[in-house]
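Work through the exercises below with the sequence and coordinates at hand. Each task is followed by its solution.

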Amino acid sequence: MSEKQELEALQKALAAEHAAVYGYGVVGGRIGEERRTEARAAYDAHRARRDALARAVRDLGGTPVAAAAAYALPFPVPDSAAAVRLAAALEDRVAGVYSDVVRATAGGRRSTAAGALREAAVRAVRWRGESVAFPGLAERTATAASSSPASSANPSA
């Protein structure tokens, strides 16, 4: 593992956190009252992770990747049920990216990334109501299968 690989993994995680923060803005606008507190907690958690990743990128001498002005959502979100599905999808994507950070880092950064992966997996289970065997890995397989040129235009899936 090189410092360059570590920086690249952190930048990808930062980009995913930017997308998650955006996505949770949509979730918060559509989610039912009964789950609004949960959505707000996830939004705050992703903002905190985003800010920590930006600091880590700077610590490695990099310039943190900027957030996009907007992100394409993986599907329309007209109601609370779709907002719940979007929240689960956001957490799946973040878990997958953090699995890459775990592979690319060591020591404290690896522990932090493993914690972020675990938190995303737990949130995904809460949103979805069911779990996956290996959080972050199954999602990576699905992402790799869909990373054809046509599907790679969607940065927030």
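**Surface and fold**

The accessible surface of the protein is about 8100 Å², and 56% of that belongs to carbon and sulfur atoms (Shrake-Rupley method, 1.4 Å probe; for residues, only the protein chains shown count as cover). The model is predicted, so local features need pLDDT of at least 70 and side-chain atom pairs pLDDT 80 or more, while totals for chains, interfaces and linings use all residues. Residues are numbered from 1 along each chain as its sequence is written, and side-chain values use heavy atoms, without hydrogens and water.

**Exercise 1.** State how many helices and strands the protein has.

Solution. Helices (H or I, at least four residues) and strands (E, at least two) are DSSP runs numbered from the N terminus. The count is 5 helices and 0 strands, in the order α-α-α-α-α.

**Exercise 2.** Decide whether tryptophan 127 is buried or exposed, and list what it touches.

Solution. Step one: buried means under 20% relative accessible area, exposed over 50%, partly exposed in between (1.4 Å probe, protein chains only). Tryptophan 127 has 4%, so it is buried. Step two: tryptophan 127 lies in helix 4 (residues 107-128). Step three: contact means heavy atoms within 4.5 Å. Leaving out residues up to four places away in sequence, tryptophan 127 touches Tyr24, Ile31, Arg35, Glu38, Ala39, Val84, Ala87, Ala88 and Glu91. The C-alpha atoms of tryptophan 127 and alanine 88 are 5.4 Å apart, at a separation of 39 residues along the chain.
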